[in-house]
Amino acid sequence: MRTLLGIVLAVAIGALLWWGMQTKDERSELPSALAGRPAPAFDLELLPSYQEAWGERLDLEEYLGRKPVILNFWASWCYPACYEEAPILEAAWRRYRDRVLFVGVNTQDEVDKAERFVAQFGLSFPNVYDPRGKVGIDYGMYGVPETFAISADGRVLGRHAGSIDAEKLEAMIREVLP
Amino acid sequence: MRRGLLALALVLGLAAAQTVGNEPPPDLSPQVFEIAKKLRCPVCRGESAAESNAGVTEEMRRQIAEMLAEGKSEDEIIQYFVDRYTEWILYEPPKRGLGLVVWLAPVIGLGLFGLGLYSYLKTTARRAKELEGVSDEELARVEAELEEGEAT
């Protein structure tokens with residue numbers, strides 16, 4: 001009886017240790033606290049290269065509830081994740097630009113470095129500048145890159161932490177399309 | 001008059017310098033760090049928002065300072081972050097639900113260890129007592145039996 005109890009205890013401790021080691025990237029698996037809730041609006045200055053086409057500032061409020069939005073948080077110092085996903089985002093924007101608004105939020109970065117990044121990838125969707133990273137906190141962001149899917153009625157439907165691949169982005173877009 | 005204008009220009013210049021750029025406020029009150037200690041750094045492991053130097057925690061501390069200046073209470077500020085990050089952002093797990101298990105686990109573990117130790121000591125003491133109760137005749141008989149066994 002005692003031996004059996006010892007074995008059970010050893011197996012239980014081993015299982016606990018194994019489970020502890022399995023929690024590799026808990027952040028990407030955490031659901032967004034905003035899921036199903038209205039997306040927080042923001043009014044931020046656009047990076048200089050977008051101001052001619054989009055104006056000096058972008059007020060998300062003007063789009064929320066009117067059009068689905070894919071919101072992507074990034075920074076030029078976020079290597080390689082942000083560099084990997086940038087061409088994927090641009091390709092998807094070119095494909096869906098009539099039906100979905102893509103907005104990039106450059107977070108805690110420097111304007112000239114951010115401009116070099118958008119030029120490198122030829123990003124044509126509007127990118128705003130958030131040097132403090134205030135909007136990131138409003139969205140409960142863990143770290144760049146992170147992508148949020150906002151439905152046509154202005155609710156947050158999904159969140160992806162880390163570099164997004166074409167398949168996942170496509171799924172997010174399909175989810176927000178009316 | 002000229003001195004007064006110079007002083008005014010200096011004050012205005014310093015005030016403008018404070019608002020230029022995106023530097024964190026130079027002096028954060030100890031209360032900011034007290035609250036930040038209760039929040040996790042979202043991009044670190046095992047660090048609170050008070051200890052970490054990550055950009056996001058700098059912004060968290062700045063927002064805490066701003067909310068304190070607006071007259072918000074500690075509970076309201078912590079709730080602000082919980083609303084955005086869920087209870088994951090709390091540095092110490094809440095004392096309920098699954099969080100309670102985390103809090104009670106050391107106590108339960110210690111209790112089980114104490115129980116095991118008590119049971120072991122009790123058994124050892126009982127065996128020692130049993131041996132004390134063996135008479136000389138009995139010992140002689142067992143020894144004789146053992147010797148007999150060895151002879152055959």
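## Ground rules

Helices (H or I, at least four residues) and strands (E, at least two) are DSSP runs, numbered from the N terminus. This is a predicted model, in which local features need pLDDT of at least 70, side-chain atom pairs count only at pLDDT 80 or more, and totals for chains, interfaces and linings use all residues. Residues are numbered from 1 along each chain as its sequence is written, while chains are lettered from A and ligands numbered from 1 in the order in which they are written.

## Two cis prolines in chain A

Let's start with the backbone of chain A. P145(A) sits in the loop between α6 (134–138) and β6 (146–150) of chain A, and a cis peptide bond with omega of about -5° joins V144(A) to P145(A). A cis peptide bond also joins Y79(A) and P80(A), with omega of about 5°. P80(A) belongs to the loop between β3 (69–74) and α4 (81–96) of chain A. For context, most residues other than glycine have a negative phi, and most peptide bonds are trans.

## A positive phi at Q108(A)

Q108(A) is a residue other than glycine with a positive phi, near 45°. You will find Q108(A) in the loop between β4 (101–107) and α5 (111–121) of chain A. Is Q108(A) buried or exposed? A residue is buried if 20 or more other C-beta atoms lie within 10 Å of its own, exposed if 12 or fewer, and partly exposed in between, with C-beta atoms placed from the backbone. Q108(A) counts as buried because it has 21 C-beta neighbours inside 10 Å.

## Helix α4 of chain A

The end C-alpha atoms of α4(A) are 23 Å apart, which agrees with the 22 Å that its 16 residues should span at 1.5 Å a residue. The expected span of a helix is 1.5 Å times one less than its number of residues. The buried residues of α4(A) are C82(A), E85(A), A86(A), L89(A), A92(A) and W93(A). Their cover includes β3, β4, α5 and α7 (166–176) of chain A.

## The nonpolar core

A nonpolar core is a set of buried Ala, Val, Leu, Ile, Met, Phe, Trp, Tyr and Cys residues joined through C-beta atoms within 7 Å. The largest nonpolar core has 62 residues, of which F102(A), V103(A), I150(A) and A36(B) touch the most other members.

What does V103(A) touch, not counting residues up to four places away in sequence? Its partners are L58(A), L60(A), V69(A), L71(A), F125(A), P126(A) and V128(A). Two residues are in contact if their C-beta atoms, placed from the backbone, lie within 7 Å.

## Chain B at a glance

Chain B has six helices and zero strands. Of its 152 residues, 16% count as buried. Among the contacts in chain B with a separation of 6 or more, 47% are between residues 24 or more positions apart.

The domain assignment, which is automatic or from a database, gives chain B domain 1 (22–89) and domain 2 (98–151). The centres of domain 1 and domain 2 of chain B, taken over C-alpha atoms, are separated by 54 Å. Helix α6 (residues 136–151) of chain B has 16 residues, and the number buried is zero, so α6(B) lies largely in the open.

## Helix α4 of chain B

Helix α4 (residues 74–85) of chain B has 12 residues and reaches 17 Å from its first C-alpha to its last, close to the expected 16 Å. I77(B), F81(B) and Y85(B) are the buried residues of α4(B). Seen down the helix axis, these fall within an arc of 60°, so they line one face of α4(B); the arc is that of the directions from the helix axis to the C-beta atoms. An α-helix has 3.6 residues a turn, so residues three or four places apart point the same way.

The buried residues of α4(B) pack against α2 (30–36) and α3 (55–69) of chain B. Turned away from that buried side are the exposed residues D75(B), E76(B) and Q79(B). Just after α4(B), T86(B) takes a positive phi of about 65°. T86(B) is partly exposed, with 16 other C-beta atoms within 10 Å.

## Where the chains meet

The contact takes 13 residues from chain B and 13 residues from chain A. On the side of chain B that touches chain A, α3 and α4 of chain B are the elements that give two or more residues. α3(B) gives the most to that side, with five residues.

The residues on this side of chain B divide into six nonpolar, four polar and three charged. Here Ala, Val, Leu, Ile, Met, Phe, Trp, Tyr, Cys and Pro count as nonpolar, Asp, Glu, Lys and Arg as charged, and the others, Gly among them, as polar.
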